[in-house]
Amino acid sequence: MTAMSPSHLPEHVALPRYAFDRRMCVAANRWGARHAVGWFFGIISRLGDGVFWYALMLALALIDGRRGLEAAAHMAATGLVALALYRVLKRWTRRPRPFRTCPGVIAHVPPLDEFSFPSGHTLQAVGFTIVALAWYPLLAPLLLTFTALVAASRVILGLHYPSDVLAAIFVGSGLGALSLWIVHSAPQLLV
């Protein structure tokens, strides 16, 4: 939807260390220009806005009673921390989105906010998945597939560079693991 000319590129984007990131972004985004691909990943992205995760939390609470409610609360708490963390990181890094600075990249869907680094969708998806799988390992095929599709959608739709997604995977993994450690250590910390 939006692309800027090379004359509008910030100096940091032209550095060689960003070349691979830009090439991967352009290649993925071109693939997303195919109608069916863009449509599919647009739906995945929209579900990754929260709809999928809220529905999962509700389903767990309704289907598995108290245990499901505890799992949903654990996921929600992790998600709130992830939201605060990625907002701070975005304001701190202020990396422009690829469709604004990378020639040939277009946004196939409108972004939810101004900055690119890290991918909030991916950070949330990874954090939620780690927590949910600790409670319900049988959900692995569904959650791992959905999380991978969410991560891919961010680059394909022109909203993030691959490095934004990789950083979000790292941060989300750390946050999910820390969340599990806190929950499992809480009874021992209170003694």
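Two residues are in contact when heavy atoms of theirs lie within 4.5 Å. The structure shown is a predicted model.

Start at Thr129. Leaving aside neighbours within four places in sequence, Thr129 is in contact with Trp53, Leu143, Leu144 and Thr147. Thr129 itself sits in helix 5, which spans residues 120-135. Is Thr129 buried or exposed? Residues under 20% relative accessible area are classed as buried; Thr129 has 4% relative accessibility and so counts as buried. The side chain of Thr129 also reaches a backbone atom: the oxygen of Ala125, at 2.8 Å.

Now step back to the chain. The protein holds 7 helices and 0 strands, and read from the N terminus the order of elements is α-α-α-α-α-α-α. The protein has 191 residues, and 46% of them count as buried. Which share of the contacts between residues at least 6 apart in sequence joins residues at least 24 apart? That share is 79%. As for the surface, the protein exposes about 10300 Å², with 72% of this supplied by carbon and sulfur atoms.

The next feature is the largest pocket, which holds about 370 Å³ of space. Its lining is made up of 22 residues, and Asp49, Tyr54, Leu83, Tyr86 and Gln124 are the closest to the pocket centre. Two or more lining residues come from each of helix 2 (35-63), helix 3 (65-93) and helix 5. Helix 5 is also the helix in which Thr129 is placed. Which helix gives the most to the lining of the largest pocket? Helix 3 does, with 7 residues. By residue class, the lining of the largest pocket divides into 9 nonpolar, 7 polar and 6 charged residues.

Arg94 lies in the loop between helix 3 and helix 4. The phi angle of Arg94 is near 50 degrees, a positive value in a residue that is not glycine. Further along, Pro118 is found in the loop between helix 4 (98-101) and helix 5. What is the form of the peptide bond from Phe117 to Pro118? This bond is cis, with omega near -10 degrees.

Methods: Residues are numbered from 1 along each chain as its sequence is written. This is a predicted model: local features need pLDDT of at least 70, side-chain atom pairs count only at pLDDT 80 or more; totals for chains, interfaces and linings use all residues. Side-chain values use heavy atoms; hydrogens and water are left out. Helices (H or I, at least four residues) and strands (E, at least two) are DSSP runs, numbered from the N terminus. Buried means under 20% relative accessible area, exposed over 50%, partly exposed in between (1.4 Å probe, protein chains only). A polar contact is a pair of N or O atoms within 3.5 Å; within protein, one must be able to donate a hydrogen and the other to accept it, and residues adjacent in sequence count only if both atoms are side-chain atoms. Accessible areas come from the Shrake-Rupley method with a 1.4 Å probe; for residues, only the protein chains shown count as cover. On a 1 Å grid over the protein atoms alone, a cavity is a set of points where a 1.4 Å probe fits but cannot get out, and a pocket is an open set with protein on both sides within 12 Å along at least five of seven lines; lining residues have an atom within 4 Å of a point. Grid points are joined across faces, edges and corners, and a volume is the space filled by probe spheres set on the points. Ala, Val, Leu, Ile, Met, Phe, Trp, Tyr, Cys and Pro count as nonpolar, Asp, Glu, Lys and Arg as charged, and the others, Gly among them, as polar.
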